[in-house]
There are 2 protein chains.
Amino acid sequence: MSLPHAILTALLEKPSSGLELTRRFDRSIGYFWSATHQQIYRELGKLEKAGFIRALPTDSPTRGQRKEYEVLVPGREELGRWVGEQEEPRALRDPLMLRLRAAGVVGVGADLVEELRRHRALHAARLAEYREFQRRDAARGHGTERDRVQGLVLRGGIDLELFWVTWLDGAIADLTGPGPEGDSVP
Amino acid sequence: MSLPHAILTALLEKPSSGLELTRRFDRSIGYFWSATHQQIYRELGKLEKAGFIRALPTDSPTRGQRKEYEVLVPGREELGRWVGEQEEPRALRDPLMLRLRAAGVVGVGADLVEELRRHRALHAARLAEYREFQRRDAARGHGTERDRVQGLVLRGGIDLELFWVTWLDGAIADLTGPGPEGDSVP
DNA sequence: TAGTCCATGTAATCAGTTACATGATTCG
DNA sequence: CGAATCATGTAACTGATTACATGGACTA
């Protein structure tokens, strides 16, 4: 049950409408908790009914009209409670590793190596993006706890992408270089 | 749609019953693709109906009686096809990072730091376990492609756990050491 | 006025989790 | 025989994804 708390966090950082939230879930927050607009609107409805957030009063009708939400006191309390909770680390689910392992029994093809290269490029791009965020953030101060914590999370993102790029480089080298395999890279 | 292919891979590596599969999904395979026994039995049923696997013939009744499955030719073909597929990297969903970011707005408490320490210990334990696998595998040869690929995946697991341990150490140091915070670590 | 974009939503489906049910075997 | 364990399954629910619907505002 993390999505509602992700939304509460986002709204505390800055009150927003559903679409703005969706965009923010494509950027910063989405880098470690993704969500689609359908999920977000549904969850906003639930959070409002629960009394955790409210739509800022407006005169216009509801549909097709921008609705800005802010967090109410019970919402902030709920988030504080949740932050103190324990939770087991997620069991990993990574299709690429699975694919590799499957290739171990049915044979590694050139298209799999191509797929590894593609992922390598995607992770490298994201890594560059994160480093750009970091560079930009370094300019502004990081005196508050909030800044320090966001810096920490960003570092986590960077190190994680670094892991992927490094590991994928190793995997590609291993599958194309030595051994009896001479396939791919024509 | 990775679970069926995870099962096909597992069954190709070694024909098994549902419960054996469940155990294997708690060990090696489960380290990058987890599944519960309910999922596995359900999926075995579907795979059998699709003609990808079959239960080894037996005389005894069905319920409460061990049923061993093996992969049929169409199943192996399907897996080969799937290995060649493209798929976007999964959008990350990590509650711990989210919790940290939430703590950035509602305040970092001692219990959160405790939770980081707990996760650090869990990841360190898994890291040690993986390294033990690696040590054991090194003894046996790794001549075949299958061995090489499994070694690759294991290295991925190790590097990933290493990332967590390192990052968590940094985070704990950052939150307890400098700055205006003096909480926790009594 | 037709098209495009902004914005909010509904419906159907699928994957994964939790809780529970049932039968067979073994061992004291 | 009763309890524990091995083994296979059902049912209900929750969370996430995909596809589609609706309406307002601007603009060529």
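**Note on the predicted two-chain model**

1. The lining of the largest cavity is made up of four nonpolar residues, one polar residue and two charged residues. The model discussed here is a predicted one. Residues from both chains form this lining: A:Leu98 and A:Arg101 on one side, and B:Ala6, B:Thr9, B:Ala10, B:Glu13 and B:Ile29 on the other.

2. As to the elements involved, α5 of chain A and α1 (3-13) of chain B each provide at least two of the lining residues. The greatest contribution to the lining is that of α1(B), with four residues. The space within this cavity is about 30 Å³.

3. The contact between the chains deserves a separate point. It draws 71 residues from chain A and 71 residues from chain B. The size of an interface is often expressed as the accessible area lost when the parts come together. Between chain A and chain B, the buried area is about 7000 Å², and carbon and sulfur atoms account for 63% of that area.

4. On the side of chain A that touches chain B, the elements giving two or more residues are α1 (3-13), α4 (73-83), α5 (95-106), α6 (110-139) and α7 (145-176) of chain A. Of these, α7(A) gives the largest share, 17 residues. By residue class, the side of chain A that touches chain B comprises 34 nonpolar, 17 polar and 20 charged residues.

5. Salt bridges between chain A and chain B number eight.

6. Over all chains, the whole structure contains 28 salt bridges. One within chain A joins A:Arg66 to A:Glu20, with the closest N and O atoms 2.8 Å apart. A:Arg66 belongs to the loop between β2 (53-55) and β3 (68-71) of chain A, whereas A:Glu20 belongs to helix α2 (residues 18-26) of chain A, so this pair ties together parts that lie 46 residues apart in sequence.

Definitions and conventions. Residues are numbered from 1 along each chain as its sequence is written. Chains are lettered from A and ligands numbered from 1 in the order in which they are written. This is a predicted model: local features need pLDDT of at least 70, side-chain atom pairs count only at pLDDT 80 or more; totals for chains, interfaces and linings use all residues. Side-chain values use heavy atoms; hydrogens and water are left out. Contact means heavy atoms within 4.5 Å. Buried area is the accessible area (1.4 Å probe) that two parts lose on being put together, summed over both. A salt bridge is a side-chain nitrogen of Lys or Arg within 4 Å of a carboxyl oxygen of Asp or Glu. Ala, Val, Leu, Ile, Met, Phe, Trp, Tyr, Cys and Pro count as nonpolar, Asp, Glu, Lys and Arg as charged, and the others, Gly among them, as polar. On a 1 Å grid over the protein atoms alone, a cavity is a set of points where a 1.4 Å probe fits but cannot get out, and a pocket is an open set with protein on both sides within 12 Å along at least five of seven lines; lining residues have an atom within 4 Å of a point. Grid points are joined across faces, edges and corners, and a volume is the space filled by probe spheres set on the points.
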